[in-house]
Amino acid sequence: MTFEKPKMNRRNFVMGASALGFGGLIGLPQLRANTAQPLAVQTRNTAFSIGGRPATKGLVSFTENGPPPVLRFKRNQRARIDVTNGLEEYTSIHWHGLRIANEMDGVPYLTQFPIAQDETFSYEFTPPDAGTFWYHPHCNTMEQMAHGLTGMLIVEEDTDPGFDAELPINLKDFRLQDDGTLLPYFTARGAARGGTEGNARTVNWETTPEYQIPTGGLVRLRIVNTDLTRVYKIFLPETEGKIIAWNGNPVRNAIDWPTQSAPLWLAPGERVDIAMRAPQSEDQSVVVQTLIAKRPEPLFYMRTAGTPIKRDLAELKPLPALEVDEPDLKTAEVKDILFGWSPEGTGSNNGLCGDFGYTFWSINRSPWPGDAIENTGPVVELSHGKSYILRLTNKSPNLHPIHLHGLIFRPLRSNQRSLPSNWTDTILLLKDETVEVAMRADNPGNWAFHCHVIEHQKSGLSGYISVV
Ligand code: C2O
Ligand code: CU
Ligand code: CU
C-alpha cells in the first residue's frame, strides 16, 4: 500500500504529460488514500484566483493551496480518512456514490453526530466498486460546498484498462463579486425555483484550462459535476471515443456520443467517464464545451503533444462488470414517491448544521423537517434483500437530480423519453416527468435521499430511505 504526501504546488497542479510521462494523470493534485490519510477541512489563508479574480476570499479547502485533491482508492481495499474540522462551524463528509456501511456515510444525525471544530472523525470503509465518485460536506452543505469543499474520488479498477492518460475534471461554479469575495450562495427566489447559478464557471477551479494529452493516445476523461445548481450540457467534437461509465458505473446500455445538437446532460452530483483517442498529429486541440442557454461555451481544451503513439480504442480492456444483485422485476414491489412544492414555511431544524430559513419543497407532500428533528420517519421503508420499483414523479416545472445514498438503481422507463438502463445513484427528473427505477435493497441502513440542487435539498426536498 502506498502513502503519498499531497503535492500541492502549482507546477504539479497543472502537471502535463511532459512532467509525468504519458502514463500519468493530468489536472488535479492526487492523494492515494489506501492507508490512513489525514484530510483537514480548513479556511484557506492564501489567496486563490478564480475566473481571473485575483484573491478569492473566504474559500475553504481540504488543503492550504489548490482545489480539493482527488482521493484515489483501490477497489476492495480498506481505507481510512481522518477528517479534522478546522472550521468554526460543524461539518461532516459524505462519499457520494460509494456503497459502504451506513455509519460511514457522513450524514449528520442520520448516521453520525456532526464533527465539531478541532475534532477528528475517522471514516473507514472498503469501496466495493471501481469508478468515478466525489466527496463533499453534508452539514452546512450549502455554505461549505459554495465555498469550495467539493472533491473528486476515484476507485481504480483491479486491472488497468490501458489508458495513456487520465484527466479528472471537477466542474463547479462560484458566485463571486469583482473583488474576489463570495456573493451570497443562495437566494430565496432561486431556491423556490430552479436554483441560483454561479457567475464564475470553473474546471478544476480554473477558467478554460488546457491540458496536454499524448498524440494518438488513449485518454480517459472523468468528468464530475460538483456544482450546487447547474446542469451542464456537455458535448465534444466528432472524435473517436465512447462513453464507458455513467455515474460511477460501467454502462450496460450504450449512451450516444454527446454532440452540440444532442449534448449529455450532467446534473449536480452526476459523473461521466469518456474514453477517447487523441488526434493523430501533434499540436491538435480538442475542446469540451457546454451549452449555456443555447450558446456553446468552452469548458476546457486538450492539446496533443509528443510523437504519435498510434493507439486504438479497441486495445482498451472493457471495464469490469459491476458486482450488484439484479432486482427481481417479477416480485418487485412498487413505491410511489412524489417531488413537488410545499406551502412556504419558515425552515427547519438542522441542529448544528445550518438552518436554511425556508421550506419550498417536499417529498410525498411533506417538507423535510430538518436533520436534527428526532423521530422523523423515512420516505419509504424497504426490506433488506427485496426488490423494488421506485416510481419517481416530478410534480414541478423545475429540474431535480434525485440522489440516493448507499444504494444504486437503474431506470426502467420514463413517461417522456427513452432512458438507457444503466446503474446510477442519481437520476435527473425533467418537468412533470415520471421515471421508474428498479433496485435491490441490499445495503441496510438509513440512506439520505434528496435533490442535489442544494437549495432544493436544504428547503425541503430531502428525506431518507430506510432498509431494514
Ligand atoms: Cu452528494 Cu447526499 O449527497
Ligand atoms: Cu451521496
Ligand atoms: Cu431539486
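I shall take the metal site, then the nonpolar cores, then one arginine, and finally a sheet.

Please bear in mind throughout that this is a predicted model.

Let us begin with the copper ion, ligand 3. Which residues coordinate the copper ion? The donors are His 400 through ND1, Cys 451 through SG and His 456 through ND1, at 2.0 to 2.1 Å. Along the sequence, these donor residues follow the spacing H-x50-C-x4-H. Are Cys 451 and His 456 buried or exposed? Cys 451 has a relative accessible area of 0% and is therefore buried. His 456 counts as buried as well, because its relative accessibility is 0%.

In soluble globular proteins, nonpolar side chains tend to be buried together. The largest nonpolar core here has 69 residues, and within this core Leu 221 and Phe 300 touch the most other members. Strand 13 gives the most to this core, namely four residues. The core also draws at least three residues from each of domain 1 (10-315) and domain 2 (333-467). A second, separate core comprises 24 residues, among them Leu 71, Leu 98, Ile 100 and Tyr 123.

What surrounds Phe 300? Setting aside neighbours within four places in sequence, Phe 300 is in contact with Leu 167, Ile 169, Val 203, Thr 208, Pro 209, Tyr 211, Leu 221, Val 286, Val 287 and Val 288.

Strand 13 brings us to the arginine. Where does Arg 230 lie? Arg 230 is found in the loop between strand 13 (218-225) and strand 14 (232-235). With a relative accessibility of 8%, Arg 230 falls under the 20% limit and so counts as buried. Its side chain makes a polar contact, at 2.7 Å, with the side chain of Asp 173. Not counting residues up to four places away in sequence, Arg 230 touches several others, including Glu 197, Arg 201, Asn 225, Leu 266 and Ile 292.

Four strands form an open sheet in the order 3-2-5-7, and the pairing is mixed. Its edges are strand 3 (60-61) and strand 7 (120-125), each of which pairs on one side only. Strand 2, residues 37-43, pairs with strand 3 in the antiparallel sense over two bridges. Within strand 3, Ser 61 is the bridge partner of Gln 42.

Thank you for your attention.

Key: Residues numbered from 1 in each chain as written. Chains lettered and ligands numbered in written order. Predicted model: local features only at pLDDT ≥ 70, side-chain atom pairs only at ≥ 80, totals over all residues. Heavy atoms only, no water. Buried < 20%, exposed > 50% of the residue type's maximum accessible area, 1.4 Å probe, protein only. Polar contact = N/O pair within 3.5 Å; in protein donor to acceptor, adjacent residues only side chain to side chain. Contact = heavy atoms within 4.5 Å. Donors = N, O, S within 2.8 Å, 3.2 Å for Na, K, Ca; no water. Pairing = 2+ DSSP bridges. Core = buried A, V, L, I, M, F, W, Y, C linked by side-chain atoms within 4.5 Å. Domains from an automatic or database assignment.
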